[in-house]
Amino acid sequence: MEILQYSLRKLLAGLPLIVGVTLVSFALMVYFGPDQTYLLLGKNPTPEQILEVRQQLGYDQPFLQRYLGFLREIVTLDFGDASTGEPVTTLLAKTIPVSLILILPGFILGHVVGLLLALAAAYWRGRWLDKLIMAVAVTGMSVSFLIVIIGFQIVFSSSDGLDLFPVRGWNASSLGSYLTYVTVPTLATMFVALGYETRFYRSIIVEEMSRDHVRTARAFGLPESRIFFRNILKNCLIPIITRIMFSIPQVAIGGALLIESYFGIPGIGKATYEAIITGDQPVLKAVVSLTAILFVLVVVITDILYRAVDPRVTLK
Amino acid sequence: MHFLATLVAIGLVLAGCGPADGPAVSGPPLKTYRHFMDQAPTTLDPVQGSNIYANFVILNAYDTLYSYKYLARPYELKPNLAADFPTISPDGLEYTIRLKKGVHFINDPCFPGGRGREVVAEDFIYSIKRQFDPKSQPQGAWLWQGRIAGLEEWKAAGSDYDKPVSGLRAIDSHTLEIRLIRPYPQLVATLAQGYAALVPREAVEKYGKGLGVRPVGSGPFKLISYDTAHIVMERNREFRQEPVDLAFEGYAPATQSFSGVEAIQGRSPPFVDRLEFNFINEKSAAWTSFTKGDEIQLTELPPEQVDRVLASKQPVVLRPEYASKYHTLAGLEAGFIFETFNMDFPEFGYNPDPERQRRNKALRCAVIKGFDWEARNNSWYFGLGKYYPGIIVPASPEFDSEMSRISVTRDVEGARRLLSDNGWTPENLPRILYATVGGSSERLRFEQFRAWMRDIGFPREKIVPKTYAAFGDISRAWKRSELPFVTMAWGLDYPDAENTLQLFYGPNKSPGSNNANWKNAEFDRLYDQTAVMLPSPERTAIYRRMNQLVIDDCVAITGLSRTRIYLWHKNVIAYPDREILGGFWLRYVDVMPAKDAGAASRVAEGN
Amino acid sequence: MNAVVLPGVAVPRVRGESLWRKAARKFARDRLGMVALAVVLVYLVAAIGVWLGWWAMGWPDLTGTKWEPVSRGHWFGTNIIGQDIFDRAIFSTATAFEVGLIVALVATALGAIIGGFAGFFAGSWIDDVLVWLMGVLDAIPFYLFVAAVAYALTDNPWAMHVAMIATFWVGTGRLIRGEVIKLRGMEYVEAAHSIGVPEVVIIFRHILPNTSHILLVQASVMFVSAIKAEVILSFLGLGIKDGMSWGLMIDESTKEVLAGFYNNFLAASLLMFGLVMAFNAVADALQDALDPRKVG
């Protein structure tokens with residue numbers, strides 16, 4: 001009950017954020033974004049037809065009126081149809097799952113492997129293994145994601161390389177084809193994420209290891225493994241939760257853009273990007289509101305999780 | 001349980017009978033043809049069919065009154081839903097068209113009882129009216145504006161579908177009368193375009209914009225599913241019986257028999273049960289998919305594979321290892337790319353000072369001389385494109401292959417001389433703003449252009465790039481006549497040079513299609529004169545004179561038609577074309593069942 | 001993927017010139033850091049040469065034919081229209097420094113100023129508004145935001161820089177805000193306040209200078225982020241408008257690698273990797289040197 005009340009209060013407190021995100025995104029993407037008029041016109045338009053299309057698209061209305069109309073759409077969750085004629089909700093329902101199953105393996109593996117490497121590095125802190133892991137991490141961080149994607153494509157998918165996996169396209173109709181298509185994107189995502197994740201996890205673990213209570217526990221002669229799980233790892237949970245939770249909106253909405261455009265996968269990142277390019281207002285509006293709402297939800301859930309892992313955190 | 005089911009499903013797929021091949025359990029196997037397109041259509045509503053990809057798919061879901069013969073080249077029109085060619089009044093203003101009887105729309109909940117209703121003349125009238133209803137965001141109005149009587153008045157009166165249009169009348173349920181304001185020799189050709197497809201009013205009223213993803217037509221195929229990566233259609237089982245007469249379709253055994261099209265003689269299309277469109281933006285990805293064997297069955301050769309796959313470019317011949325597996329066909333696009341000056345800009349276009357205007361013309365001619373079509377063709381089209389003077393493209397019957405090639409031959413010395421003879425120096429040459437959309441190829445084209453212009457004497461800083469992030473933004477700038485230099489691609493709507501000559505017709509100035517904003521009294525007069533003429537040697541002569549006027553005034557750097565090289569699997573019987581014929585040919589595609597086993601075995605090897 | 005985490009930058013209680021001198025001493029003893037610094041300086045020399053017009057000026061010229069292999073005339077071969085890839089790669093070094101420096105400096109300054117104000121006025125509406133603004137910018141996925149800014153500015157040559165700066169400053173802003181909240185309570189600030197020194201002066205003269213070690217590390221991290229982001233934005237067609245950059249070369253190469261032509265890809269990605277790697281190492285060494293808890 002307390003949690004429910006708290007969540008509601010927190011959601012209300014998130015309203016200004018929703019207004020902010022929608023306002024900024026609306027101004028950038030919809031109001032100042034590309035003009036769709038000229039994509040919808042025929043090959044030989046007259047000035048009169050241009051005016052008509054602008055009217056149909058609502059470009060002739062003042063900013064405030066358009067923004068208020070947008071807020072109304074958010075409240076009613078009715079964004080209308082994309083320029084293809086497909087309802088925006090259908091579009092989202094089709095593309096978001098694709099992005100999720102595309103990005104999740106790399107996301108999870110990146111965090112898990114990163115954590116394991118960080119544990120090893122922290123455990124043997126200052127030794128050669130630590131140095132090796134950290135050197136590899138810096139190397140990984142220094143390569144551009146795009147270069148990784150192209151490089152992996154040459155290595156895994158081209159006739160000059162191993163030629164093992166399909167380059168582009170997407171087919172998740174069966175587990176087998178899903179695995180062949182998701183492998184290279186997953187490896188690329190992991191490769192780039194690993195450097196950042198390893199460094200991050202190592203730094204918080206090292207920080208925890210040097211705290212007083214850990215030293216005290218050691219002085220009392222508690223077994224290393226117990227200290228590790230009870231005293232160190234548990235205290236690391238809060239920054240870990242923060243990091244994972246706050247990357248969720250990025251992953252769910254924008255994070256897969258590069259992979260999706262390079263591998264030709266019909267996910268939400270590509271759909272949104274194309275909507276930005278073509279000025280497809282209904283799609284943009286839906287994505288923007290989804291982003292804002294998701295972000296506020298993440299904030300609330302993160303707070304609740306904090307409390308779940310550490311009862312000292314109070315929900316105030 | 002679910003896990004088990006998944007395992008079983010994987011097993012089935014590995015065994016080569018995945019769901020894409022249809023029910024493997026009982027009944028004859030479904031014949032599937034997997035087509036490739038490099039872009040997804042923006043919508044499937046004929047009212048917005050200006051995009052060639054949309055048009056391609058629309059023509060398979062909907063019927064048009066006329067279409068093109070499958071194999072005749074140059075292209076020839078033939079009746080499709082119309083029973084015959086129109087009866088035309090002596091003054092050329094009244095067309096009477098009879099429709100075939102007994103043709104039905106596909107079954108759809110929008111019709112009473114869900115049964116597809118018979119297609120009648122009123123459906124055509126309704127569909128053309130939609131092009132003049134701003135609410136449907138139409139794209140095809142320009143084809144009939146000022147031509148068919150009463151449409152503009154109908155629109156001005158509020159686009160009320162219950163009100164009649166004076167120029168469109170259904171004499172009876174299957175007879176149509178079209179009244180024109182002035183003769184329009186291209187009218188029948190416009191009726192072969194997706195814009196003019198027959199849409200039932202019930203569907204528009206029920207689905208509204210949703211029609212864009214849910215076509216309800218009377219074409220050879222009906223839609224099963226639609227997303228940004230695939231469209232799946234199935235055979236319209238009630239499609240009218242019209243056995244193929246190859247001789248009528250223009251079959252030329254000498255050049256076309258390799259494709260095996262003889263096998264369809266006397267049979268009624270469509271021949272495949274399932275038609276899949278695969279949209280793959282990168283041709284290289286399409287190539288991978290094509291060569292796998294069990295995915296797309298047709299592709300266009302991506303430029304980077306040209307050296308690997310072709311034994312010779314002129315003529316196009318495959319290397320033996322490819323020739324044993326694939327058919328190929330090389331064809332010029334029905335369209336061209338070209339660049340024009342925007343004559344609205346006084347620094348090199350129209351100038352109130354006649355002396356300056358004369359020097360401006362010399363400047364433009366020099367730029368044209370400095371332009372290197374050969375290099376452009378070699379870098380970007382692997383030397384396979386065809387460049388030629390003027391704006392009448394090879395796909396138009398009026399194309400003249402005998403023209404002087406001076407305007408497309410690089411002449412740096414001549415250009416420099418022309419500049420200095422007319423008082424142009426590096427100091428007084430105007431700045432040329434070269435606008436493109438973002439992207440490395442576009443930039444490189446700019447850099448190429450800049451380097452050529454430096455060769456003829458332009459200082460580097462006078463050729464200035466301007467990059468637009470979105471195509472919509474650069475189109476807006478063109479349409480508002482804000483850019484001094486326009487790079488364009490144009491695809492023919494019908495095989496008639498009028499379709500490209502209108503690009504330089506004065507009254508079509510921005511925001512119309514005359515982005516050059518060129519205005520030449522003689523050209524415009526000849527255009528008006530030919531606009532009402534039926535094809536004839538006389539009209540061709542005038543077209544060519546108009547073409548020469550464009551060249552002589554040095555208004556455009558033009559032009560190049562790209563070559564498309566199609567490859568398709570040998571078990572597919574087809575004669576592909578994505579140009580004028582467009583989506584019409586897919587109904588004639590057949591797939592030989594014997595090779596299915598071969599495809600399946602390749603799948604097994606692949607695993 | 002662009003989240004910047006700065007662990008363990010704790011606040012030294014007493015600070016003065018000694019911090020910097022000590023840091024310099026520590027840095028000089030960091031062998032890896034010194035090697036990395038030398039590499040960065042080599043790149044900087046290459047860039048300065050370009051700025052002064054000493055070399056790589058022929059990058060736009062058509063000096064060869066399509067896709068020439070490596071030769072004495074063309075050290076990295078030529079591209080699709082016959083330009084020298086080596087010249088283009090070297091010229092791009094200067095572009096990388098320009099993008100990196102502009103974005104790092106402006107974003108750091110913006111982060112310092114906004115973060116400083118927010119921290120100093122913590123608890124008041126000014127802070128609320130600024131924190132709200134940071135939250136808003138954080139909530140929009142990075143590439144979508146950048147793309148939106150770039151499209152909104154259509155053909156503006158600074159669109160890419162503006163887009164990066166608009167997102168990059170937030171991280172610095174948050175750090176500085178936290179730091180300033182801590183410093184605000186310190187005696188010297190309160191003293192300045194009590195004798196009537198204007199708030200702006202307190203912020204800029206007395207508080208912000210004490211966060212300079214954070215700013216330095218932040219700027220170096222952003223320098224690297226900007227160079228990396230340029231590649232991706234160029235791929236999306238939103239990169240620099242006139243000139244040449246590694247991102248544009250890599251974008252060119254995406255079509256070429258499938259035809260088996262790797263020169264553009266290798267030249268740009270290896271040069272970029274060298275600079276980014278070296279700069280990352282310098283940033284790490286800097287951070288270690290400025291961390292007072294590490295024994296010097």
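Modeller: Two residues are in contact if their C-beta atoms, placed from the backbone, lie within 7 Å. The structure is a predicted model, in which local features need a pLDDT of at least 70 and side-chain atom pairs count only at pLDDT 80 or more, whereas totals for chains, interfaces and linings use all residues. Residues are numbered from 1 along each chain as its sequence is written, while chains are lettered from A and ligands numbered from 1 in the order in which they are written.

Biologist: What makes up the contact of chain B with chain C?

Modeller: By that 7 Å criterion, chain B brings 21 residues and chain C brings 20 residues. On the side of chain B that touches chain C, helix 12 (373-381), helix 14 (440-455) and strand 18 (463-468) each give two or more residues, and helix 14 gives the most, with seven. Helices (H or I, at least four residues) and strands (E, at least two) are DSSP runs, numbered from the N terminus.

Biologist: Which classes of residue does that side of chain B have?

Modeller: Seven are nonpolar, eight polar and six charged, where Ala, Val, Leu, Ile, Met, Phe, Trp, Tyr, Cys and Pro count as nonpolar, Asp, Glu, Lys and Arg as charged, and the others, Gly among them, as polar.

Biologist: And what makes up the contact of chain A with chain C?

Modeller: Here 44 residues come from chain A and 38 residues from chain C. Helix 2 (15-31) of chain A is among the helices that each supply at least two residues, and helix 2 gives the most to this side, with eight. The side of chain A that touches chain C divides into 29 nonpolar, 13 polar and two charged residues.

Biologist: How do you know what span helix 18 (residues 537-552) of chain B should have?

Modeller: The expected span is 1.5 Å times one less than the number of residues, so the 16 residues of helix 18 of chain B should span 22 Å, and the end C-alpha atoms are 22 Å apart, which agrees.

Biologist: Which residues of helix 18 of chain B are called buried, and why are they said to line one face?

Modeller: A residue is buried if 20 or more other C-beta atoms lie within 10 Å of its own, exposed if 12 or fewer, and partly exposed in between, with C-beta atoms placed from the backbone. In helix 18 of chain B, the buried residues are B:Arg539, B:Tyr543, B:Met546, B:Asn547, B:Val550 and B:Ile551. Seen down the axis of helix 18 of chain B, they fall within an arc of 145 degrees, so they line one face of the helix; the arc is that of the directions from the helix axis to the C-beta atoms. The face turned away from this buried side carries the exposed residues B:Pro537, B:Glu538, B:Ala541 and B:Asp552. What covers the buried residues includes helix 16 (498-501), helix 17 (521-531) and strand 20 of chain B.

Biologist: How do you know that strand 15 (residues 335-341) of chain B pairs with strand 20 (residues 556-561) of chain B?

Modeller: Two strands pair if DSSP finds at least two bridges between them, and four bridges join strand 15 of chain B to strand 20 of chain B, which run antiparallel. B:Phe338 stands opposite B:Thr558 in strand 20 of chain B.

Biologist: What makes strand 16 (386-387) and strand 19 (485-491) of chain B the edge strands?

Modeller: The open sheet of chain B has four strands in the order 16-20-15-19, with antiparallel pairing, and strand 16 and strand 19 of chain B each pair on one side only.
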